[in-house]
Amino acid sequence: MRTLLLASGALLLGSMSVAPWAVSRAQDAPLVQTVDVAAERFSFTPSEIKTTVGTVLTIRLTSDDTAHGFRIVGSDVNIEIPKRSRGTATVTFTPEKAGRYTFECSKLCGAGHSFMRGVIIATEAPKDEE
Ligand SMILES: [Cu+2]
């Protein structure tokens, strides 16, 4: 009997593309978004990132030349981006309200350093149908 139950359970799982516990988690889980951003003297590419309020935004930063910094103004996000080929710096940011969040280079990198900036634009997430 026990063997039969296990077998039917395995059949049930096998016929579903996602396990039931993963489905219920996904309904409650926040949206996630990953963006790759390249830094070089004196810009970020892309320099504009669109997201929605409450999204867990992961930004993976690499440099195409020297070391740079990445700071989101008004947040505690501030990280150094290693030199080209020396790896990726990853930050996570979740906008709590709609608006524009400016980011900028936080490591002096040359004459155009103060122009090295961009913006995260967060809009209200569409309301879930209940
Ligand atoms: Cu800089």
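How many bridges join strand 4 to strand 7? Five bridges join these two strands, and they run antiparallel. Two strands count as paired if DSSP finds at least two bridges between them. Strands (E, at least two residues) and helices (H or I, at least four residues) are DSSP runs, numbered from the N terminus.

**Model and confidence**

This is a predicted model, in which local features need pLDDT of at least 70, side-chain atom pairs count only at pLDDT 80 or more, and totals for chains, interfaces and linings use all residues. Residues are numbered from 1 along each chain as its sequence is written. The predictor's confidence in each residue is given as pLDDT, from 0 to 100. For the protein, the mean pLDDT is 85, and 76% of the residues reach 70 or more. Residues 1-25 have pLDDT below 50, and beyond near neighbours in sequence this stretch has two contacts in the model. A contact is a pair of residues whose C-beta atoms, placed from the backbone, lie within 7 Å.

Strand 1 pairs with strand 2 in the antiparallel sense over three bridges, with E40 opposite S43 in strand 2. Strand 1 also pairs with strand 4, in the parallel sense and over eight bridges. In strand 4, I59 is the residue opposite V35. On the strand 7 side, I59 stands opposite V91.

In a regular strand the side chains alternate between the two faces of the sheet. Burial is counted from C-beta atoms placed from the backbone: a residue is buried if 20 or more others lie within 10 Å of its own, exposed if 12 or fewer, and partly exposed in between.

A second topic is the open sheet of five strands, which has the order 3-9-8-5-6 and mixed pairing. Its edges are strand 3 and strand 6, each with a single partner strand, so one side of each lacks a neighbour in the sheet. Here the twist averages 20° from one strand to the next.

Strand 5 (residues 68-72) and strand 6 pair in the antiparallel sense over four bridges, and F70 has I79 in strand 6 as its bridge partner. The two strands form a hairpin with five residues between them, and G74 in the turn has a positive phi of about 85°.

**Backbone features in loops**

| Site | Feature | Value |
|---|---|---|
| R41 and F42 | cis peptide bond | omega about 0° |
| T45 and P46 | cis peptide bond | omega about -5° |
| S85 | positive phi, not a glycine | phi about 70° |

F42 lies in the loop between strand 1 (32-40) and strand 2 (43-45), and P46 in the loop between strand 2 and strand 3 (48-52). The loop that holds S85 runs between strand 6 (78-81) and strand 7 (89-93). S85 is exposed, because 8 other C-beta atoms lie within 10 Å.

**A98 and T123**

A98 is placed in the loop between strand 7 and strand 8 (99-104), while T123 belongs to strand 9 (residues 117-123). A98 is exposed, with 12 other C-beta atoms within 10 Å. T123 is exposed too, with 12 other C-beta atoms within 10 Å.

Leaving aside neighbours within four places in sequence, A98 is in contact with V53, A122, T123 and E124. With residues up to four places away in sequence not counted, T123 touches T52 and A98. The C-alpha atoms of T123 and T52 are separated by 4.7 Å, although these residues are 71 residues apart along the chain. For A98 and G54, 44 residues apart along the chain, the C-alpha separation is 9.3 Å.

Conventions. Axes fitted to C-alpha atoms, helices over the stretch in contact; angles between N-to-C directions.
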